[in-house]
Amino acid sequence: MNFRASFCDPFKPDIIELGDIDKEKIMETFENIPWDDYLKRMEIAKDEDLYYSPSFEVENKDNKNGLSVSIIDDEEWYIFYNRPKVMKKLGWFRTTEYLNNDYGTHATEQSIDNVRECLKALIDNDLEFLEKEIR
């Protein structure tokens with residue numbers, strides 16, 4: 001599997017592309033981000049100096065399944081799950097199916113342990129787990 005990653009620094013307007021990343025390095029990269037430091041700096045920053053919540057995004061380039069995790073405060077995280085998904089559309093006389101290449105769901109009020117579990121599931125290609133956990 002081939003992965004790519006990016007990071008949103010709350011003090012920079014542009015997303016920082018980390019590029020291709022070995023699956024063995026994903027968790028290490030996530031754990032090495034100074035999440036608490038960003039939160040502390042954001043507490044004293046002016047609103048106009050902030051662009052994002054600190055966020056880490058990983059995408060499986062082969063199947064286009066990806067997670068974006070964002071810290072909200074010391075205990076709360078958001079997890080966004082984007083992936084291609086076959087959708088149904090009701091027509092006049094029949095139901096048709098189409099592929100939504102950027103279908104997304106999210107989960108709020110998550111812990112850092114939930115984030116770690118979901119990142120591991122993405123790395124292991126456990127899409128069933130992600131579908132169940134992030135609705």
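This is a predicted model: local features need pLDDT of at least 70, side-chain atom pairs count only at pLDDT 80 or more; totals for chains, interfaces and linings use all residues.
**View 1**

**View 2. The buried face of helix α2.** Trp35, Tyr38, Leu39 and Met42 are the buried residues of α2. Viewed along the helix axis, these residues fall within an arc of 100°, and they therefore line one face of α2. An α-helix has 3.6 residues a turn, so residues three or four places apart point the same way. The elements covering the buried residues of α2 include strand β1 (3–8), helix α1 (23–32), and strands β3 (55–60), β4 (65–71) and β5.

**View 3. Aromatic pair of Phe30 and Trp35.** The whole structure contains seven aromatic pairs. One of them joins Phe30 and Trp35 in a tilted arrangement, with 5.5 Å from centre to centre and 45° between the planes. Phe30 has a relative accessible area of 0% and is buried. Trp35 is likewise classed as buried, at 7% relative accessibility, the cut-off for this class being under 20%.

**View 4. Aromatic pair of Trp35 and Trp77.** The ring centres of Trp35 and Trp77 lie 4.9 Å apart. Their planes meet at 75°, so the pair is edge-to-face, because angles over 60 degrees are assigned to that class. This pair links distant parts of the chain: Trp35 belongs to helix α2 (residues 35–44) and Trp77 to strand β5 (residues 77–90), 42 residues apart. Trp77 counts as buried, with a relative accessibility of 2%.

**View 5. The aromatic cluster.** Phe7, Phe30, Trp35, Tyr38, Phe56 and Trp77 are linked into a cluster by ring pairs.

View 6. Asp102 is located in strand β6, which spans residues 95–110. Its relative accessible area is 55%, so Asp102 is exposed, the class being defined by values over 50%. When neighbours within four places in sequence are left aside, Asp102 is in contact with Asn82 and Arg83. The C-alpha atom of Asp102 is separated by 17 Å from that of Glu128, a residue 26 residues apart from Asp102 along the chain.

Note on methods: Residues are numbered from 1 along each chain as its sequence is written. Side-chain values use heavy atoms; hydrogens and water are left out. Helices (H or I, at least four residues) and strands (E, at least two) are DSSP runs, numbered from the N terminus. Buried means under 20% relative accessible area, exposed over 50%, partly exposed in between (1.4 Å probe, protein chains only). Contact means heavy atoms within 4.5 Å. Rings of Phe, Tyr and Trp (its six-membered ring) pair if their centres lie within 6.5 Å; planes under 30 degrees apart count as stacked, over 60 as edge-to-face and the rest as tilted. The arc is that of the directions from the helix axis to the C-beta atoms.
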